[in-house]
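Please read the following note on aromatic rings beside the sequence and the model.

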Amino acid sequence: MLFYPEKLKIPDLRMKPFIDAGEIWEYIDRAKASKERVRDIIAKSLNKHRLTFEETAVLINADEPDLVEEIKEGAKLLKQKVYGQRIVLFAPLYIGNNCINNCAYCGFKSSNHTVKRTTLSKEELIDQVIALENTGQKRLILVYGEHPKYNADFIAETVGIVYGVKSGNGEIRRVNINAAPLDIDGFRKVKDAKIGTYQIFQETYDEETYKKVHLGGIKRNYEWRLTSLDRAQEAGIDDVGIGALFGLYDWRFEVMGLVRHTNHFEAVYNVGPHTISFPRIQYASELNIDKSHIVSNADFTRLVAILRLAVPYTGLILTARESAAIRDEILQFGVSQIDGGTNIEMGGYSKHESRENQDIDFEQFQINDNRTLQEIMEELIDHKYIPSFCTACYRLGRTGEHFMEFSVPGFIKRYCQPNALLTMVEYLEDYAQQEVKAKGYKLLEDKLAEMEPDHFKEKLIEKIQLIKDGKRDLFF
Ligand code: SAM
Ligand code: SF4
């Protein structure tokens with residue numbers, strides 16, 4: 001039942017479930033994907049308008065190969081037109097793999113007795129962060145199982161430790177979180193620790209499937225999870241990341257679920273999600289799921305393009321769960337963030353071993369892109385992407401930057417691209433081998449040559465020189 005405040009007579013939808021499976025299927029069943037309609041919808045998105053629920057369903061139903069191509073082309077164009085060639089880089093850092101839940105798809109589930117359980121001690125955590133900083137990382141996402149040990153105080157403490165580690169010119173400037181849902185007080189505590197984004201994936205928006213794959217623990221409670229990021233918003237964290245684990249249920253339903261979640265945030269909190277993630281199920285120790293909804297590469301590419309068009313202002317994250325080849329292909333359809341140099345083995349970053357020697361018994365699932373950060377930087381630069389470690393908006397309190405990038409004319413030109421270039425120069429100076437350094441500086445030259453000769457360009461050139469002279473952490 002909805003609660004109506006006396007005076008306003010507006011339904012208060014805060015912390016109320018917002019998924020109606022029947023409604024989602026009705027949209028999918030009814031939406032007709034004529035060529036004209038699909039083209040109009042792509043054009044609407046290219047004009048920087050959010051798509052409605054119904055329009056998203058039309059794109060989902062457009063399965064003729066030429067229409068699928070048009071959707072992918074549209075997503076590509078939108079990325080080029082709105083965001084340019086920047087790709088933000090980060091790395092995940094697993095803090096602890098104890099877990100009371102029993103998620104059928106996850107290697108950390110409580111019933112898996114082969115996995116080795118551990119929580120990083122303070123010293124081990126510092127070692128991991130030093131190892132990450134020494135490769136050039138500036139942005140981390142800390143990942144935790146769900147366990148009473150990993151409460152809000154613990155999460156806040158680990159965030160503080162990470163921010164405190166400095167190695168050479170290295171430092172972590174933004175710490176994001178992927179952990180279990182908290183209550184409002186808990187979210188307040190982690191907000192006070194100065195986290196960036198709090199990310200929680202619903203896994204599946206279909207309640208029936210949700211119950212089937214979550215076999216024990218707190219996570220069995222669908223509503224507690226569905227409304228978790230509402231509680232984060234209530235606690236003042238407006239920088240939230242949503243996601244669905246593709247492969248548990250029909251991908252079309254999950255895309256609609258993500259869009260419904262976005263609509264809910266917009267309607268209730270007046271701010272959409274900062275990021276959307278679309279992890280696809282990978283091999284895990286004791287993986288135990290019904291394989292009928294596994295998503296093919298073709299559908300995966302398609303769904304990323306649809307999400308790009310449906311929610312044009314939000315960051316899209318593509319992780320090292322996917323192979324280098326898939327990542328390279330899908331990057332063009334609107335992905336804005338990727339992880340690089342990823343190692344999800346507990347304590348794995350300080351081991352300096354090749355991925356081949358890593359131990360699946362310490363891991364949540366298997367990743368498929370084993371490239372080092374340097375290799376990824378080189379490939380991005382080779383493909384004319386600008387790798388970025390920028391954290392400027394978050395640190396200047398310019399919240400909602402993902403929306404500003406999208407909606408404020410000149411924002412990317414004035415802030416995002418220059419900041420991306422500055423963080424790239426820091427990387428080239430501090431961590432790049434000669435060949436990557438030379439390629440990076442060539443890209444910088446090309447990008448500077450494309451810029452109009454104005455005050456902003458002069459300021460940027462000044463700051464680049466300061467970095468070459470040894471200054472760090474300069475941004476607009
Ligand atoms: N314990 C926290 C939770 O459940 O929200 C942290 C999440 S977990 C460490 C991060 C995410 O990995 C999960 O939300 C899930 O979407 C994803 N994941 C779990 N098992 C996976 C698998 N086998 N393949 C790919 N992604 C998986
Ligand atoms: Fe635990 Fe999260 Fe894995 Fe579920 S997905 S078993 S809650 S670590």
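The numbered points below concern aromatic pairs and charges over rings.

1. This is a predicted model, in which local features need pLDDT of at least 70 and side-chain atom pairs count only at pLDDT 80 or more, while totals for chains, interfaces and linings use all residues. Residues are numbered from 1 along each chain as its sequence is written, chains are lettered from A and ligands numbered from 1 in the order in which they are written, and side-chain values use heavy atoms, with hydrogens and water left out.

2. The structure contains 18 aromatic pairs (rings of Phe, Tyr and Trp, the last by its six-membered ring, with centres within 6.5 Å; planes under 30 degrees apart are stacked, over 60 edge-to-face, the rest tilted). The pair Tyr144 and Tyr150 is tilted because the ring centres are 6.2 Å apart and the planes lie at 55°. Both Tyr144 and Tyr150 are buried (under 20% relative accessible area; exposed is over 50%, partly exposed in between, with a 1.4 Å probe and protein chains only).

3. Phe403 and Phe406 also form a tilted pair, with 6.0 Å from centre to centre and 50° between the planes. Both belong to helix 16 (residues 401–407), 3 residues apart, about one turn of the helix (helices are DSSP runs of H or I, at least four residues, numbered from the N terminus). Phe403 has 38% relative accessibility and therefore counts as partly exposed, whereas Phe406, at 6%, counts as buried.

4. One aromatic cluster is formed by Trp25, Tyr249 and Phe253.

5. Arg280 lies over the face of Phe300, 4.3 Å from the ring centre (CZ of Arg or NZ of Lys within 6 Å of the ring centre and within 35 degrees of the ring normal). Likewise, the charged end of Arg398 sits over the ring of Tyr415, at 4.1 Å from its centre.

Key: Helices (H or I, at least four residues) and strands (E, at least two) are DSSP runs, numbered from the N terminus.
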